[in-house]
There are 2 protein chains.
Amino acid sequence: MTALRKPSRASVLRLELYLEVIDQFQKEGRTHITSAEIGEALGIPDVKVRQDMFGLGTAGRPRVGYEVEHLARLIREVFDIDRPKSACIVGFGNLGRALAGSNIWPRAGFKLTSVFDRDPNVIGTEFGDIRVRSVAELIGVVKTEKIEAGVITVPASAAQETADLLVLAGVKAIWNFAPVKVFTPESVVVEDQSLSWGLVTLSYRLKTNQ
Amino acid sequence: MTALRKPSRASVLRLELYLEVIDQFQKEGRTHITSAEIGEALGIPDVKVRQDMFGLGTAGRPRVGYEVEHLARLIREVFDIDRPKSACIVGFGNLGRALAGSNIWPRAGFKLTSVFDRDPNVIGTEFGDIRVRSVAELIGVVKTEKIEAGVITVPASAAQETADLLVLAGVKAIWNFAPVKVFTPESVVVEDQSLSWGLVTLSYRLKTNQ
DNA sequence: TAGATTGTTAATCGATTAACAATC
DNA sequence: TAGATTGTTAATCGATTAACAATC
């Protein structure tokens with residue numbers, strides 16, 4: 001309900017990390033946390049933490065710090081974590097399987113409700129309580145299950161057509177693991193998380209020690 | 001051999017994408033590519049592409065564009081892709097398995113030579129031509145195989161101790177998939193690629209349509 | 001009151017965009 | 001020569017850092 005100023009892009013990336021630290025403190029029974037404590041846990045200057053909090057609408061008290069519960073709530077609100085959202089995975093290879101079996105979904109407020117593949121040998125296999133379906137069913141399922149986000153874990157060559165299909169089905173966000181840019185209408189956001197690009201970046205940083 | 005000016009951080013991230021496009025053009029038999037063509041393929045303004053090239057030491061000809069072979073070589077040099085490097089994975093869960101089975105390694109000039117885990121049930125299992133070993137063997141193996149990079153795919157709670165072990169063994173780069181910051185000496189770079197953070201970012205972008 | 005900590009503005013730095021010159 | 005395309009500097013914008021004021 002708080003009137004939030006929109007945090008800057010750089011700030012958003014950090015707020016995400018803060019949440020992790022705050023949750024940790026909360027688990028340890030702490031009720032308050034200082035900007036210095038958050039900064040120390042992440043290797044970030046305390047001033048930067050405070051300025052991010054400032055952008056968030058501020059909530060701290062001198063000599064005491066920030067109330068962890070309140071702060072966690074604020075940040076969860078920024079990321080819309082507490083609103084239940086549905087997601088589906090397209091491409092049930094090794095990576096799709098790893099994502100399907102991971103515990104990341106509830107932590108971001110998502111429920112993984114469906115998995116699609118186009119390989120007849122994979123279609124119909126079970127994974128936990130999810131049965132892999134044909135991509136031919138995608139549009140119908142996305143609509144009936146009100147899926148808002150699609151994950152692309154197909155080969156690069158099939159990434160754009162998969163994105164097109166997801167857009168047609170009506171998802172509003174795409175998490176793209178293929179090492180290519182996919183194009184979508186402005187109303188559909190794309191978050192790239194190519195492992196390939198990550199590894200190349202690692203090579204660069206290894207070389208430059210940066 | 002070219003004397004390269006060091007590209008800016010933001011520019012580096014883009015150069016990586018350019019390489020993908022350039023390779024594509026090369027496969028199609030094209031010998032030259034213009035900044036507009038690169039930009040179009042990635043949704044980036046052509047001027048920005050040219051300025052990145054400028055930072056790279058420039059190589060284009062008006063009316064003709066950039067020679068793909070030369071450009072690819074320059075960028076590969078920036079990322080040190082053509083120098084053979086060895087890497088190991090620590091943590092052979094779903095994600096470790098997906099990474100081990102992926103084709104990203106040679107594309108960045110890496111060879112995955114070893115995989116470690118601490119679960120006795122996992123140790124000794126085979127995956128392709130790799131046998132999973134105990135983390136107890138890590139230090140010795142990293143030294144004898146001259147492994148330069150370690151991948152952390154263990155649970156968050158074990159991430160820091162894994163990083164410590166890798167540092168002790170002598171790796172110079174860590175690719176961290178755990179959703180926590182790990183601390184290392186300045187001589188060891190850490191590239192974070194937490195899927196958890198990626199999904200939270202997706203949630204944010206879904207909410208704000210940014 | 002003194003000291004610790006947060007809140008806020010100003011100065012610096014880096015990256016992007018705009019403008020135009022140079023070249024094939 | 002005209003036009004397409006690259007090369008380079010200047011202006012703008014945004015993010016970080018520095019400085020200090022405010023508050024418990």
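In what follows, Ala, Val, Leu, Ile, Met, Phe, Trp, Tyr, Cys and Pro count as nonpolar, Asp, Glu, Lys and Arg as charged, and the others, Gly among them, as polar. This is a predicted model, in which local features need pLDDT of at least 70, side-chain atom pairs count only at pLDDT 80 or more, and totals for chains, interfaces and linings use all residues. Residues are numbered from 1 along each chain as its sequence is written, chains are lettered from A and ligands numbered from 1 in the order in which they are written, and side-chain values use heavy atoms, with hydrogens and water left out.

By these classes, the surface near DNA strand D comprises six nonpolar, eight polar and seven charged residues, where a residue is near a strand if one of its heavy atoms lies within 4 Å of it. Of the 21 residues around DNA strand D, those that come nearest are A:Gln51, B:Ser35, B:Gln51, B:Phe54 and B:Arg63. Among the atoms of DNA strand D within 4 Å of the protein, 62% belong to sugar or phosphate, while the rest belong to bases.

| Residue | Oxygen of DNA strand D | Distance |
|---|---|---|
| A:Arg14 | phosphate | 3.2 Å |
| A:Gln51 | base | 3.0 Å |
| B:Ser35 | phosphate | 2.5 Å |

Turning to the two protein chains, chain B can be laid on chain A with an RMSD of 0.0 Å by a turn of 180° and a shift of 0.0 Å along the axis, the copies being superposed by least squares on the C-alpha atoms of residues with pLDDT of at least 70 in both. The two copies are therefore related as by a two-fold rotation axis.

Definitions and conventions: A polar contact is a pair of N or O atoms within 3.5 Å; within protein, one must be able to donate a hydrogen and the other to accept it, and residues adjacent in sequence count only if both atoms are side-chain atoms.
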